[in-house]
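Dear colleague,

Please find below the structure that I am handing over to you. I would be grateful if you read the notes after it with the structure open beside you.

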Amino acid sequence: MIPRYARPEMVAIWSPETKFRIWYEIEAHACDAMAKLGVIPQENADAVWKAKDVEFDVERIDEIEAVTKHDVIAFLTHLAEHVGSEEARFVHQGMTSSDVLDTCLNVQLVRAADILLDGMDKVLAALKKRALEHKDTVRVGRSHGIHAEPTTMGLTFARFYAEMDRNKNRLEKARWEVATGAISGAVGTFANIDPAVEEHVCEKLGLRPEPISTQVIPRDRHAMFFATLGVIASSIENIAVEIRHMQRTEVLEGAEFFSMGQKGSSAMPHKKNPVLTENLTGLARLVRMTVIPAMENVALWHERDISHSSVERGIGPDATVTLDFALNRLAGVVDKMLIFPENMLDNMNKFPGLVMSQRVLLALTQAGVSREDAYSMVQRNALKVWEERLDFRELLLADAEVVAALGEDGINEKFDMGYHTKHVDTIFKRVFGE
């Protein structure tokens, strides 16, 4: 990803230097295990660790690969330059390139998942803080973009919290699923390497041995990982779209923080645009873009081909770097977001009392009016509010049929705003457990 949408901590996971360091650790730990089994001399295994503080020369490895046309062989050649050709002769004994590549990839994905989980915790903390802050801040709920019934700003934040909490749970499971390693040799039969080597390497790298690999770790694991990132990205966009709607001039119930010196438009000095949440919508598209290629990587020929390899070199860093940036940006947007309760009430009262139509409808049916007649009685008054901006309660009080069924006190009672917020505490307890 371009530096504009990248944070250094996540970028570092995908650097050539980090990759070669993980490759080295895989090879060195494998040598230790083979020496313990008596397959190679202990002194040769010890010699490999002479390179433990070496900064592998990326340019030198690239130079060797230009000749060998094989990245793992290029690395092993460079390693031998540091360890010594004779001392390094047992490195990679019985192993195949995918043992190194796949195990390394999963180490990188696990490390990336840990950073993403930290980002999700930041988002969850920001959402919870704003939910509690605006637990009782009344705003109109909308369906199809049209005023429906009252809700609260706190419930809006709470539902986003619940969604992100589910996503955190999904990511924890995806992290667990992808945290496997394979040191099983050509076509995965362990013919030339003992399974104990795989167990040792995985333990040292914080992975579990893959129960059955071929020459690669099964790619359904990775498909699930990237699919989870795609779902998280969609949830980020869900929140971003809501904030973008709230910031519209005609709505203005909430807005991104606008810093001192910030400019909204090169042409119109008055503009305050929702640029951060628009950016989040775009970044979500980029993350989701990696999901289908990850799914298509599942189907490989026989025990292995490398059609997946070029895909993963791109989508691994792209998806994780982008999502990491998006999560941290979202946490900041939510934390600093401006909320305008007065505008929420003004918006609700643009069509005075109209959001209480269902309560009046239900009261009429409970008073003995058929649902069809009750609907007709409420709608004929509601439409006048739409068309003439009259007050819904006053229209009902002037409607003889409605008054006959409910009485004036019965009508007035149906306009208590607290009716719609009486279960907010129950919902909050379900979401936050407090």
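Predicted model: local features only at pLDDT ≥ 70, side-chain atom pairs only at ≥ 80, totals over all residues.

I begin with the annotated region. An unreviewed UniProt entry lists residues 352-432 as "domain: Adenylosuccinate lyase C-terminal".

Helix α14 covers residues 357-366. Which of its residues are buried? Arg359, Val360, Leu361, Ala363 and Leu364 are buried in this helix. In general, an α-helix has 3.6 residues a turn, so residues three or four places apart point the same way. The cover over the buried residues of α14 includes α15 (371-388), α16 (392-397) and α17 (400-413). After α14 comes glycine 368, with a positive phi near 105 degrees.

Helix α2 (residues 16-36) and helix α5 (residues 71-83) have axes that come within 11 Å and cross at roughly 75 degrees. Because angles of 65 to 115 degrees count as roughly perpendicular, α2 is described as roughly perpendicular to α5. On the α2 side, the contact is made by Phe20, Trp23, Tyr24 and Glu27; on the α5 side, by Asp71, Val72, Phe75, Leu76 and Leu79. Seven of the residues in this contact are nonpolar, two are charged and none is polar.

Next, the strands. β1 (residues 138-143) and β2 (residues 146-152) pair in the antiparallel sense over five bridges. Valine 138 has threonine 152 in β2 as its bridge partner. The hairpin formed by β1 and β2 has two residues between the strands.

Finally, I turn to backbone angles. Most residues other than glycine have a negative phi. Where is histidine 144, with its positive phi, found? Histidine 144 lies in the loop between β1 and β2, and its phi is near 60 degrees. This residue is exposed, because its relative accessible area is 82% and exposed means over 50%. Phenylalanine 190 also has a positive phi near 60 degrees. Its place is in the loop between β3 (180-181) and α8 (195-205). With a relative accessible area of 23%, phenylalanine 190 is partly exposed.

Yours sincerely

Conventions
Residues numbered from 1 in each chain as written. Heavy atoms only, no water. UniProt positions renumbered as here; feature names shortened; annotations may be inferred. Pairing = 2+ DSSP bridges. Helix = DSSP H or I, 4+ residues; strand = E, 2+ residues; numbered from the N terminus. Axes fitted to C-alpha atoms, helices over the stretch in contact; angles between N-to-C directions. Parallel < 35°, antiparallel > 145°, perpendicular 65-115°, else oblique. Contact = heavy atoms within 4.5 Å. Nonpolar A, V, L, I, M, F, W, Y, C, P; charged D, E, K, R; others polar. Buried < 20%, exposed > 50% of the residue type's maximum accessible area, 1.4 Å probe, protein only.
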